[in-house]
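Work through the following exercises with the model open beside you, and try each task before reading its solution.

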Amino acid sequence: MPITVTAPEGVLTPTGEREILPRLSAALIEASGATGNAFFTGIVGGTVHILPLHRIYAGGANRPVVMVELKLPNIGLGSIETRNAFITAAAGIVAELCVPGHRPENTWINIVNAPDGGWGIGSRQYSGEALVAAATAAAQ
């Protein structure tokens, strides 16, 4: 389940650049109720993109926005409560890993869902049912 972080240079601390993906991954796993599930943990990953400030815009102007985008199958974080748990955790993680003065309104978190059957690992297509079955088998 890919997590993409896009941030302007100098907004995440050096430690933040290293720690943001592992911490967001852990937050997703926890919000999903999948702590300790080897299958679920193994399919959570992502990238961190650090761009010059002049390449990040909000409201039509350069602004130091840190964007966290999470892509999930449509069964992922299946309730308002679990989505809220991830968003709250992610916002806190970003706040901890940014330089002093980063404003909360400059942290954007977006959850995008793939339709059923629109999720794949390697050449294997997974339906929501197949993902649940694989995660359930790994939990046993």
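**Exercise 1.** Which residue in β6 does glutamate 69 stand opposite?

Solution. Glutamate 69 stands opposite asparagine 110 in β6. The model is a predicted one, in which local features need pLDDT of at least 70, side-chain atom pairs count only at pLDDT 80 or more, and totals for chains, interfaces and linings use all residues. Residues are numbered from 1 along each chain as its sequence is written, and side-chain values use heavy atoms, with hydrogens and water left out.

**Exercise 2.** Determine the order of the strands in the sheet, and explain which strands stand at its edges.

Solution. Begin with the terms: strands are DSSP runs of E with at least two residues, and helices are runs of H or I with at least four, numbered from the N terminus; two strands pair if DSSP finds at least two bridges between them. Four strands then form an open sheet with mixed pairing, in the order β2-β1-β5-β6. Because β2 (45-51) and β6 each have a single partner strand, they stand at the edges, and one side of each is left without a neighbour in the sheet. As for β5 and β6, they pair in the parallel sense over eight bridges.

**Exercise 3.** Is threonine 4 buried or exposed?

Solution. Threonine 4 is found in strand β1 (residues 2-8). Buried means under 20% relative accessible area, exposed over 50% and partly exposed in between, with a 1.4 Å probe and protein chains only. Threonine 4 has 18% relative accessibility and therefore counts as buried. Its contacts (heavy atoms within 4.5 Å), not counting residues up to four places away in sequence, include Thr47, Val68 and Glu69.
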